[in-house]
Amino acid sequence: MTAIERSRTVAVVGAGTMGQGIAQVALLAGHPVLIYDINDDLATGGVAIVQDRVDRMVAKGRLDRAAAEDAIGRIRATSAVADLAGAALVVEAVVEDVAVKRAVFEALEDVVAPDTLLATNTSSLSVTELAAGLAHPGRFLGLHFFNPAPLLPLVEVVSGFATDPAAAELAYRTVLSWGKTPVRCADTPGFIVNRIARPFYAEAFAVYEERGADPATIDAVLRESGGFKMGPFQLTDLIGQDVNEAVTRSVWESFFRSPKFTPSLAQRRLVQSGRLGRKTGHGWFPYGPDAKAAAPHTAGPEAAPDKVTVVGDLGPAAGLVELLEEAGIAVTETEHGGPYIQLPGEGQLVLADGKTSIEFADVVYFDLALDYRGATRIALSAGEDTSERTLSEAVGLFQKLGKKVSVIGDVPGMIVARTVAMLIDLTADAVARGAATAEDIDTAMRLGVNYPLGPSEWHERLGRDWAYDLLHHLDERCPGGRYAPSLALFKLGYAEGGEEGDESPVEETG
């Protein structure tokens, strides 16, 4: 099957920001484009904005004048639904309201051809529900572009319960021919990105609510250790706390209030107070000309130990051995026991595993990093029984490796580790339920929200047992279902390496 021919018209219903962006994408791909709005002035204004953007592309050297003039001549406005009769594809981008969208598509069915593709750009509503009243629901699907549509490559191609596979394939190939990166997904709450991304926000807010660390420190650890481009507090201030919370609540309600998606009380209070982020001048952080940027907690200098013993296989943190040796710290390795780094004062340095330091006599936990060599900050946590010497040696060790150190509260799973484990778990569950393939989820999370790795890529890198073990321990310490590992994640442990008669892929705790 090929894409929709360039000579065929693409119509966009709704002349707002998203409608303009989608129209621009189709226009520059070579299609004649119609922007429809019930308000003629809005439709005309939308066309003018797209034409102005095309002109500015010429000024910036991104498009030649001849191509720009050709494009400008292929777009027009209309406020008459009948003008959309010849369109091969109609993409709706109006207000997120089921009744409004249904009315749009019922009107379209009266004028377009039986083979015209009808698509909604909804980010939160059910494609299946929107199609319920249509005479021909098989040609209806979701095409979820991300804002700004001309710049962001990802498009979620969403098949509703009644969507014809041929219609979804035609839409997929068409979007691909426009230079975008489409991913296929079923009509599940949040589709891919808004479903899988919930732990990135939720776990950060949970650490804050547990008084583990302040927003600036949590953001810094996720950026400088986890490799994420922005921290969740900074990002939700940019998005708008009301908008982000609304998406979280929508997914939570759609999953029948599953504890996996429970909204944050701290964020609820922020919204109730009117502190919605940048747009109101205050969210998690203050904004404005006199606002001072919040600084993350960074530990003062401590002396590094001159030698350590690495006990057992450090797994995801195995790269630390080479870094320690390069820094001039003598390393003795032993295979039996562990895994941990034995410090000179007899304390232990342990990779976050979902347990807490207070459970042990003299332990400091350190957080997961995307790449311990490239990380510029590491989070540590210590319990009430951790000696000052052990904490000092742990801080000094990472400082010797050139890292800034943030000491946080004794929260199980710390910051990066629990976030990544939850991303892996939600992905495994979504794949098992047929929401999308692991590959498409990875692509969506890298391109849609700029994650350093897709969740399945994290899973492969960290090992088949890592996320399950961490969540198993977290669930014991924070019962209620939020951290209970999914059946899909449990099965992956066996599917990727277990055989009949093997020991359990998780270490049972007493």
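Select Gly240 to begin: this residue follows α10 (232-239) and has a positive phi, near 115 degrees. Helices here are DSSP runs of H or I with at least four residues, strands are runs of E with at least two, and both are numbered from the N terminus. The model is predicted, so local features need pLDDT of at least 70 and side-chain atom pairs count only at pLDDT 80 or more, while totals for chains, interfaces and linings use all residues. Residues are numbered from 1 along each chain as its sequence is written, and side-chain values use heavy atoms, with hydrogens and water left out.

Step back into α10 itself. Its buried residues (under 20% relative accessible area, with a 1.4 Å probe and protein chains only; exposed means over 50%, partly exposed in between) are Pro232, Phe233, Leu235, Thr236 and Asp237. Their cover includes α8, α9 (215-224), α11 and α12 (265-272), where contact means heavy atoms within 4.5 Å.

Next, display the largest pocket, which holds about 1,000 Å³ of space. A pocket is an open set of points on a 1 Å grid over the protein atoms alone, with protein on both sides within 12 Å along at least five of seven lines; a cavity is a set where a 1.4 Å probe fits but cannot get out, and lining residues have an atom within 4 Å of a point. Points are joined across faces, edges and corners, and a volume is the space filled by probe spheres set on them. Of the 36 lining residues of the largest pocket, Phe146, Asn147, Asn194, Ile239 and Gly448 are the closest to its centre. Elements giving two or more residues to this lining include β6 (140-145), α7 (193-196) and α16 (438-448), but α11 gives the most, with four. By class, the lining has 22 nonpolar, 10 polar and four charged residues; Ala, Val, Leu, Ile, Met, Phe, Trp, Tyr, Cys and Pro count as nonpolar, Asp, Glu, Lys and Arg as charged, and the others, Gly among them, as polar.

Pro148 sits in the loop between β6 and β7 (154-159). A further cis bond joins Gly338 to Pro339, with omega near 5 degrees, and Pro339 lies in the loop between β10 (330-334) and β11 (340-342).

Now turn to the largest cavity, with about 60 Å³ of space. Its lining includes Arg198, Tyr201, Phe261 and Gln267, and α8 contributes the most, with four residues.

Beyond α8, select Arg211 in the loop between α8 and α9. Arg211 is not a glycine, yet has a positive phi of about 60 degrees; its relative accessible area of 77% makes it exposed. Glu346, in the loop between β11 and β12 (348-351), likewise has a positive phi, of about 80 degrees, and is exposed at 60%.

Finish with helix α4 (residues 98-109), whose 12 residues reach 17 Å from first C-alpha to last, close to the 16 Å expected at 1.5 Å a residue (1.5 Å times one less than the number of residues). Which residues of α4 are buried? They are Val98, Lys101, Val104, Phe105, Leu108 and Glu109. Seen down the axis, they fall within an arc of 135 degrees, so they line one face of α4; the arc is that of the directions from the helix axis to the C-beta atoms. This face packs against β1 (9-13), β4 (87-92), β5 (117-120), α5 (127-131) and β6.
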